[in-house]
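Thank you all for coming; I would like to walk through one structure with you, slowly and in a few steps. Please have a look at it first.

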Amino acid sequence: KLFVHDENCCTFINTLSSRSSCVAELPAAWNGYAISDADGRELPVQEHDGKWMTLVNIPENSFCTLKRGGKKSAATEVLDGNIPENDLVRYCFDDDGKLLSVYDKELNREFLSSPGNVLALYNDHPVNHDAWDMEIYYPETQVRTLVFKRVKKVAGEVFQALEFCSSFGKSKICQEIRLRKDSKRADFITAVDWHEDHKLLR
């Protein structure tokens, strides 16, 4: 038997053939407690939307076990402006959700030549196969470019996050952009409540 039940331990498994480093959501019963790895090193924790988050780093085809410690608070702060950054990289967004800059601090280099994260709505009336075809002329059918409104900006021990939302027709889209403390990659966690017909969002 590989694992035994212990309410003060939580195991994360990586079934991939490459190392996984990611934000992990902890069990609800662990909210408000310190977290350590198997070697006793305390890990950063952050409360986000009522959930307790930490960073895990799991070797390929392996697992890691975390341990619950004593009570701990993990207050988040309001992110200053629309600029999530860490020691490795800096992202800059405007108030409408467009990505204006991606600056690599290690390479001393700007990677964005034009605005990013620009989503547009198009009319969608393909000649055949309505469910999946995109005609070559679809850019000519643009209806509008989505304008987002910022609804949240937070910073904690694990990651910084911006959240933007936009509505169109009967639908709504929300994006939470997370930048971890130890990564150059920004994660765009996007949820769409879609109620449109013959429309394409890209």
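**An open sheet, a pocket and a loop**

What we are looking at is a predicted model, in which local features need pLDDT of at least 70 and side-chain atom pairs count only at pLDDT 80 or more, while totals for chains, interfaces and linings use all residues. Residues are numbered from 1 along each chain as its sequence is written, and side-chain values use heavy atoms, with hydrogens and water left out.

Strand S3, residues 33–36, runs antiparallel to S4 and is joined to it by 2 bridges; strands here are DSSP runs of E with at least two residues, numbered from the N terminus, and two of them pair if DSSP finds at least two bridges between them. Both belong to an open sheet of 4 strands, ordered S1-S7-S3-S4 with antiparallel pairing. Strand S1 (9–14) and strand S4 (42–43) each have a single partner strand, so one side of each is left without a neighbour in the sheet.

Turning to the largest pocket, its lining includes Asp37, Leu43 and Asp182, and strands S6 (51–58) and S7 (62–71) each supply at least two residues of that lining. A pocket here is an open set of points on a 1 Å grid over the protein atoms alone, where a 1.4 Å probe fits, with protein on both sides within 12 Å along at least five of seven lines, and lining residues have an atom within 4 Å of a point.

Finally, in the loop between S6 and S7 lies Asn61, whose phi is near 50°, a positive value in a residue other than glycine.
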